[in-house]
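Here's a quick briefing to read with the model open beside you. Have a look around first, then come back for the notes.

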Amino acid sequence: MSLPRTLARVALGAAMIGAGVAHLTSQREEFQAQVPEWFPLEEDLTVVGSGVVEIALGASFIALPRRRRLVGGLLAAFFVMIFPGNVAQYVEGTDAFGLDTDRKRLVRLFFQPLLVLWALYGGGWLRRRTRTD
């Protein structure tokens, strides 16, 4: 595995651990505000559950380099699964994390695909295949 890919994997893993800890502690109310009104689970349960998942995925991405493809794929899927919540934050005009205008909330939507790509890159999914004829 290349050094840039390893650094991307470790950085994203650390960021996920940090975000997960924030879900469970200092930013809990901010994350609760982001849970869409239509989501069928209670806001705090959703925040705690997603925080635990983020910590587990982040720690696994760092600590299990031999499973980087699996964990990178799971992280990418996680980012896709939470994207409707980001769209809901924009549509519902929910203020959280300094996203207090429609423009800021809209710009944020374009970062989610970058997180998906980051997870796939760090997991080794985005590699050129070489022909060995």
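How many helices and how many strands does the protein have? It has six helices and zero strands, so reading along the sequence simply gives α-α-α-α-α-α. Keep in mind that this is a predicted model.

**Overall picture**

- Along the principal axes, the C-alpha atoms fill a box of roughly 55 × 30 × 25 Å.
- The protein has 133 residues, and buried ones make up 32% of them.
- Take the contacts between residues at least 6 apart in sequence: 69% of these join residues at least 24 apart.

**H1 against H6**

- Helix H1 covers residues 3–24 and helix H6 covers residues 112–122; their axes come within 8 Å and cross at roughly 125 degrees.
- That angle falls between the roughly perpendicular range, 65 to 115 degrees, and the roughly antiparallel one, over 145, so H1 and H6 count as oblique to each other.
- The crossing of H1 past H6 is left-handed.
- On the H1 side, the contact is made by Pro4, Arg5, Ala8, Arg9, Ala11 and Leu12. H6 brings Leu115, Trp118, Ala119, Tyr121 and Gly122 to it.

**H1 against H4**

- H1 also packs with helix H4 (residues 68–92), this time at an angle of about 50 degrees and with the axes 12 Å apart.
- Roughly parallel would need an angle under 35 degrees, and roughly perpendicular starts at 65, so this pair is oblique too.
- H1 passes H4 in a left-handed crossing.
- Arg9, Leu12 and Met16 are the H1 residues here, and they meet Arg68, Leu75, Phe78 and Phe79 of H4.
- Arg9 and Leu12 turn up in the H6 contact as well.

**Glutamate 54, a charge worth a look**

- Glutamate 54 sits in helix H3, which spans residues 43–63.
- What is the nearest side chain of opposite charge to glutamate 54, and how far away is it? It's arginine 108, at 8.2 Å.
- A salt bridge needs the charged atoms within 4 Å, so glutamate 54 has none, even though the residue is buried.
- Leaving out residues up to four places away in sequence, glutamate 54 touches Met16, Ile17, Ala19, Gly20, His23 and Phe78.

Notes:
Residues are numbered from 1 along each chain as its sequence is written. This is a predicted model: local features need pLDDT of at least 70, side-chain atom pairs count only at pLDDT 80 or more; totals for chains, interfaces and linings use all residues. Side-chain values use heavy atoms; hydrogens and water are left out. Helices (H or I, at least four residues) and strands (E, at least two) are DSSP runs, numbered from the N terminus. Buried means under 20% relative accessible area, exposed over 50%, partly exposed in between (1.4 Å probe, protein chains only). Lys and Arg count as positive and Asp and Glu as negative; His and the chain ends are not counted. Contact means heavy atoms within 4.5 Å. Axes are lines fitted to C-alpha atoms, for helices over the stretch in contact, and angles run from 0 to 180 degrees between N-to-C directions. A crossing is left-handed if the near helix is turned anticlockwise from the far one by less than a right angle, and right-handed if clockwise.
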